[in-house]
Amino acid sequence: MNLHNPTRLNSSARVAEKKDFSALIQTADDFELRSDWMFEEIKELIELPLMDLLWKAQLVHRASNPGYKVQLASLLSVKTGGCSEDCAYCPQSVHSNTEVEITPQLDIQLVLNQAKAAKQAGADRFCMGWAWREIKDGIAFESMLEMVRGVVALGMEACVTAGMLTDHQAARLASAGLTAYNHNLDTSPEHYEKIISTRTYQQRLETLQRVRSAGITLCCGGIIGMGESIRDRASLLQVLANMNPHPESVPINALVAVEGTPLENLSSIDPLEMVRMVATARILMPKSRIRLSAGRQQLGREAQILCLQAGADSIFYGDTLLTTSNPQVESDRQLLSDAGVTANWIVNKK
Ligand code: SF4
């Protein structure tokens, strides 16, 4: 691999590279989207000296996202706890022994009020989570469709995460106007069985395919800090980057080790590992939204700014995620303002 060439360049950019690479790479079209990444290429990228990795990620990021626009996405747990899956990181699993209270599905109007409040606070995407193994038909699903329609009517992007689904359910969500369906791969195929035993990697890939076939965009990423190796991180990124097309949205999470889950004793990752993961994801998937997700509180301000520089162009915004905490809105506003990026909240304020 040519280490001066993070993604393949078109011919004019290749000529330009020899003269002054950084001055001449100016548009996203200078990068060819690839879905044929080799494992060794990705591993080589993620292990580059940090300054080299950041420089390459910056070239891609500045070309793909002039002005450093950051999308603010708010997340609401619509149905919490009592999930039959055994995801080892998740406090909502019935296999964990956590203090998460099982809460029935929230009312439609309450959810839409939250979406409205999120919009007023500057979010332009509203993500709704159901702690389910899979979507079941019935009143709850009809309510989900109503919520999706309501969020879209507010002029926001609507995203749902609710486990596996059928082709018919995916088609109905698409008709309701759903922008994106979140279904994470969580980790590499190799590390997967240490994390989840109640559904296979293949089932996850099939769910993603159903979503894609229905014409809904994909939100799909993973979690680092679950005892995986660098090879596992590269392998996860390879699966994501070799989807064609790439997932439109790629959440990168750092484990929040919650007491009572099987991973409760794992220590926090070095924040620079998150920076590396974001930077590599940006290089591999130049046009996807790379979303800084769970674990931001553990990162600290400077590491978050490095992530924004390395390619993150979305954050979860609002002081809770599904069940774990997230930075306060005010501190996020300060962070974005200090970083000098462009977000809805900042644009609306001007
Ligand atoms: S991550 Fe989702 S599927 Fe897994 S246990 Fe938690 S709620 Fe259930």
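User: Why are α4 and α5 called roughly parallel to each other?

Analyst: This is a predicted model, and the label comes from an angle computed in it. Helix α4 (residues 108-120) and helix α5 (residues 139-153) pack at about 30°. Angles under 35 degrees count as roughly parallel, so α4 and α5 get that label. Their axes are 10 Å apart, and the crossing is right-handed.

User: What makes the contact between α4 and α5, residue by residue?

Analyst: From α4 come I108, V111, L112 and A115, and these meet S143, E146, M147, G150 and V151 of α5. By class, that contact divides into six nonpolar, two polar and one charged.

User: How do you know whether M156 is buried or exposed?

Analyst: Count its C-beta neighbours. M156 has 21 of them inside 10 Å. A residue with 20 or more is buried, so M156 counts as buried.

User: Where is M156, and which residues does M156 touch?

Analyst: M156 sits in the loop between α5 and β3 (157-161). Leaving out residues up to four places away in sequence, M156 touches A115, K119, D124, R125, F126 and V151. Two of these names have come up already: A115 belongs to the α4 side of the helix contact and V151 to the α5 side. R125 is 31 residues from M156 in sequence, yet their C-alpha atoms are 5.3 Å apart in space.

User: What makes α8 roughly parallel to α9?

Analyst: The test is again the angle. The axes of α8 (residues 230-241) and α9 cross at roughly 30° and come within 10 Å. With the cut-off at under 35 degrees, α8 is therefore roughly parallel to α9. The crossing is right-handed. R233, L237 and A241 in α8 meet M277, T280, A281 and L284 in α9, a set of five nonpolar, one polar and one charged.

User: Which residues of α11 are buried, and what do they pack against?

Analyst: In α11 (residues 301-310), the buried residues are A303, Q304, L306, C307, L308 and A310. They pack against α3 (50-64), β1 (69-79), α9 (271-284), β8 (289-292), α10 (296-299) and α12 (329-339). Just after α11, G311 takes a positive phi of about 140°.

User: Which residues are around the ligand, and how do they divide by class?

Analyst: C83, E85, C87, C90, Q92, S93, A131 and G163 are around the ligand. This shell has four nonpolar, three polar and one charged residues. Cys counts as nonpolar and Gly as polar, which is why C83 and G163 fall into those classes.

How values were computed
Residues are numbered from 1 along each chain as its sequence is written. This is a predicted model: local features need pLDDT of at least 70, side-chain atom pairs count only at pLDDT 80 or more; totals for chains, interfaces and linings use all residues. A residue is near a molecule or strand if its C-beta atom, placed from the backbone, lies within 6 Å of it. Axes are lines fitted to C-alpha atoms, for helices over the stretch in contact, and angles run from 0 to 180 degrees between N-to-C directions. Helices (H or I, at least four residues) and strands (E, at least two) are DSSP runs, numbered from the N terminus. Angles under 35 degrees count as roughly parallel, over 145 as roughly antiparallel, 65 to 115 as roughly perpendicular and the rest as oblique. A crossing is left-handed if the near helix is turned anticlockwise from the far one by less than a right angle, and right-handed if clockwise. Two residues are in contact if their C-beta atoms, placed from the backbone, lie within 7 Å. A residue is buried if 20 or more other C-beta atoms lie within 10 Å of its own, exposed if 12 or fewer, and partly exposed in between; C-beta atoms are placed from the backbone.
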